[in-house]
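Please look over the sequence and the fold below.

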Amino acid sequence: MFTLTDEMEKDLIQKRRYLHENPELAFEEVNTTAKIKEWLQDHDIPVVSFNLETGVIAEIEGELDGPTIAIRADIDALPIAEATDVPFKSKTEGKMHACGHDFHTVSILGTAILLNEQKEQLRGKVRIIFQPAEEIAQGAKYLVDHGVLKDVTAIFGMHNKPDLPVGTIGVKSEGLMASVDKFEITFNGIGGHAGIPHHAIDPIVMASQYVNAVQSIISRRIDLFHNAVISITSINGGNTWNVIPDKVVLQGTVRTFQPEARDAIPGLMKKLAETTADGNGGTVDFKWDSYLPVVNNAAAYEDIVRASVEDAGYQAVDAEASSAGEDFAYYQNYIPGFFVWMGVNGPKEWHHPEFDLSENAIKVAAEFFATLAVKALENE
Ligand SMILES: [Zn+2]
Ligand SMILES: [Zn+2]
């Protein structure tokens, strides 16, 4: 249905290399934004203004009336010093496209070009979202706040997947990437002499009991068939050997896939913190930050996604879930969405200083999403 010509493919590879050489961090994607606009204009693809500082929204309007769907790519890079020896290595010290968002950007640009060339096939509109600031989990919210989802009935997106071969696309309904929540727990006691502990209230004892006991929430309170991780990643309290401190601060993160577990854990953790503090004569301050929901793929779209992979001439595989987070999830709070893994045959995992991918996947991704857009509009 859609074929990216060799010439277009070469051009997109050059553009990806340009972005790779010129990475920009979250909400600083000024040059990237200007370039995407320029490239869209070169192909007469209209840009819609949502008064964004960074990020670009394009829209392809079909010749037939119909609904609006969205395809989303993210555009930001990471504060990582690149350690590859590719000829188009980052020119900015300490910044790198180590998550492959350069690849996402040009692939979806390719989709926009293909769709624009065959507008007559489209029954409705395709909004192409080039989203800033995915890496700090703020970009999707920023765009939703600016009205970018207005009239959109479904949204689609991808992440490159280094452990999948080029030409394969990982598909899975429901939880694909974990929720991400953060917490900070302060155990308050009364400081005092280490040799006279009965005159103090020791927060180190409270924190120690809690670090062990909190894992029993996973083993005793959460359904075996639900997945959850509680990690305490930082303990701060005390500064010498003979003084009991007055407080200890714990920080960490919780990852889940099912809403039952995500909803239950904060209350269970808070209760346990309170009883631990209380049992030792202290008090607790419990702070919870609901950071990112689960990337929760709408099962109603799985058949269309799989059929589009096949029609585009590629291979659908069952996706394995990842306990990393993605702010694509934020859109799925509002409208149904489906996020896939794009095989890129890379040597390293995301965020590694030697992250790299096969540029052959640009053609696959561009053609797949163009096919999916047509099919999704027909089915809305
Ligand atoms: Zn990333
Ligand atoms: Zn990423």
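Helices (H or I, at least four residues) and strands (E, at least two) are DSSP runs, numbered from the N terminus. Two strands pair if DSSP finds at least two bridges between them. This is a predicted model, where local features need pLDDT of at least 70, side-chain atom pairs count only at pLDDT 80 or more, and totals for chains, interfaces and linings use all residues. Residues are numbered from 1 along each chain as its sequence is written, chains are lettered from A and ligands numbered from 1 in the order in which they are written, and side-chain values use heavy atoms, with hydrogens and water left out.

**The four-stranded sheet**

Lys-182 stands opposite Asp-289 in E13. Nine bridges join strand E8 (residues 179-188) to E13, and the two run antiparallel. They belong to an open, antiparallel sheet of four strands, ordered E10-E12-E8-E13. Strand E10 (228-236) and strand E13 (283-292) are at the edges with a single partner strand each, so one side of each has no neighbour in the sheet. From one strand to the next, the twist averages 20 degrees.

Two helices pack here. Contact means heavy atoms within 4.5 Å. Axes are lines fitted to C-alpha atoms, for helices over the stretch in contact, and angles run from 0 to 180 degrees between N-to-C directions. Helix H5 (residues 203-213) touches E8, E10, strand E12 (247-256) and E13, and its direction makes about 15 degrees with that of E12. H7 also packs on the sheet and touches E8, E10, E12 and E13; its direction makes about 165 degrees with that of E13.

**The eight-stranded sheet**

Eight strands form an open sheet with mixed pairing, in the order E1-E2-E4-E3-E5-E16-E6-E15. Strand E1 (47-48) and strand E15 (315-318) stand at its edges, each with a single partner strand, so one side of each is left without a neighbour. Strand E3 (residues 64-74) and strand E5 (residues 152-161) run parallel, joined by five bridges. Ile-69 has Ala-154 in E5 as its bridge partner. Helix H10 (residues 361-379) lies across E3, strand E4 (123-131), E5, strand E6 (168-171) and strand E16 (337-343). H10 runs at about 155 degrees to E16.

**Two domains**

Domain bounds come from an automatic or database domain assignment. That assignment gives domain 1 (6-176 + 294-379) and domain 2 (179-292). Their centres, taken over C-alpha atoms, are separated by 39 Å. The contact takes 12 residues from domain 1 and seven residues from domain 2.

**Pockets**

On a 1 Å grid over the protein atoms alone, a pocket is an open set of points where a 1.4 Å probe fits, with protein on both sides within 12 Å along at least five of seven lines; lining residues have an atom within 4 Å of a point. Grid points are joined across faces, edges and corners, and a volume is the space filled by probe spheres set on the points. Ala, Val, Leu, Ile, Met, Phe, Trp, Tyr, Cys and Pro count as nonpolar, Asp, Glu, Lys and Arg as charged, and the others, Gly among them, as polar.

| Pocket | Volume | Lining classes |
|---|---|---|
| Largest | about 380 Å³ | nine nonpolar, seven polar, four charged |

The largest pocket is lined by 20 residues, and Phe-257, Gln-258, Pro-259, Val-294 and Asn-296 are the closest to its centre. Strand E7 (174-177) and helix H7 (259-279) each give two or more residues to that lining. H7 gives the most, with three residues. Both domain 1 and domain 2 give residues to the lining of the largest pocket, so it lies between them.

The second largest pocket has 16 lining residues, with Glu-134, Glu-135, Ala-324, Gly-325 and His-351 the closest to its centre. Its lining draws at least three residues from each of domain 1 and domain 2.
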